[in-house]
Amino acid sequence: MITKVQSFMQQHKIIEQEKYIRRCIQLAMMGKESASPNPPVGAVIVHKGVILGEGYHLSKGNPHAEVNAIASVKEDSLLFDSTLYVSLEPCSHYGSTPPCAELIIKKGIPRVVVGCIDPSSKVQGKGIALLRKAGVEVQVGVLEKECQWLIREFILSNQKRRPYVYLKWAESQDGFLDRKRSDGRAEVLSTELTNLYVHQRRSFSDAILVGRNTALLDNPTLTTRGWEGKNSIRIVLDRNLKLPSSLHLFTDGGTTWVVTEKKMADREKYISLSFDSTFWSSLLEELYLRGVQRLLVEGGAYTHATLLSSEYWDEADVEISKKKLGQGVAAPCFTQFSKRIYYTLFGEQFVKYYRWVDDDLLTKSI
């Protein structure tokens, strides 16, 4: 029978573990912009209630979160009585860096608390097994869903062999993307604040995709100029290669991939596909093979509509402007989506978040 004291101690232990895993998640977010195609991971080393070291994974080829956390500890002797908290299972294989599980064993860390298991086939429980075999006490599943949500792009990409697809657009209060036009300036529906949010989204993305009409009418750069971070690969759909070579996408020195139905010899610049019922599945698989894990789709109406109907999307950010246009290009409609819609207020404008991915899918997939 569990006494009140034992129950209190167990509850206190859970609270402590969750506190440090939450800190791991905070640290992991510091590398979210640059970690792809690796997952963002954070690690914390605690000795008798005091944080000795912290670390996160910055980018592929750089040390993992656990390595950085261990390296930040000034007195190695304290590691022999410390607990390592990490949002994702330590790796057990040699890749761009040596296995983190072996380093943990070598350093004599006796306890490890893991947020969630690594879903990749190279790890998937092997790191935990290696630690336990060496006598390390390992606990798994503290804030598991939160840790899985942190790496949802990595999980889905490994599971379905395609990028995690974000949709983004702004629409008027009466449901239009823009006035109908053959050229000229687009109707401005975003604010300075929501533009910052879009540029932050771009910094988190490996690639940004637009359709032919959006490229032709808006002549966008699709850069991350409003937020600190890298510029992503630009992808434009141009079935018959009729876009003018003078567009910013082709002249500003950034990387642009053109998706076309024509057979092109230059496979670094062009992706040749049939524009038929298999288009999205074929394109997303090709992007996966090219290392794209997070894809942001910014338009236009037809591109969004076909993606919505194909079900090859995972999240959508829809900015609702206070403007009314009365007529124009109708915004895409959500015929089906997950049970949850979230609302966030950016200044005076709402952004709706739609989720197609089931919240339970992440747990079931591992």
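Predicted model: local features only at pLDDT ≥ 70, side-chain atom pairs only at ≥ 80, totals over all residues.
Helix H3 itself spans residues 100-107. Its buried residues are Cys100, Ala101 and Ile104. Viewed down the axis of H3, these buried residues fall within an arc of 105°, so they line one face of the helix. An α-helix has 3.6 residues a turn, so residues three or four places apart point the same way. The cover over the buried residues of H3 includes helix H2 (65-71), strand E3 (83-88), E4 and H4.

Helix H4 covers residues 126-133 and packs with H3. The angle is about 20°, and the axes lie 9 Å apart. H3 and H4 are therefore roughly parallel to each other. Their crossing is right-handed. From H3, the contact involves Ala101, Glu102, Ile104 and Ile105. From H4, it involves Gly127, Leu130 and Leu131. The residues of this contact divide into 5 nonpolar, 1 polar and 1 charged.

In H4, the residues Gly127, Ile128 and Leu131 are buried. Seen down the axis of H4, its buried residues fall within an arc of 100°, so they too line one face of their helix. What covers the buried residues of H4 includes H3, strand E4 (111-116) and strand E5 (137-140). Strand E4 is also part of the cover of H3. Just after H4, Gly135 takes a positive phi of about 95°.

Note on methods
Residues numbered from 1 in each chain as written. Heavy atoms only, no water. Axes fitted to C-alpha atoms, helices over the stretch in contact; angles between N-to-C directions. Helix = DSSP H or I, 4+ residues; strand = E, 2+ residues; numbered from the N terminus. Parallel < 35°, antiparallel > 145°, perpendicular 65-115°, else oblique. Left-handed = near helix turned anticlockwise from the far one by under 90°. Contact = heavy atoms within 4.5 Å. Nonpolar A, V, L, I, M, F, W, Y, C, P; charged D, E, K, R; others polar. Buried < 20%, exposed > 50% of the residue type's maximum accessible area, 1.4 Å probe, protein only. Arc of directions from axis to C-beta.
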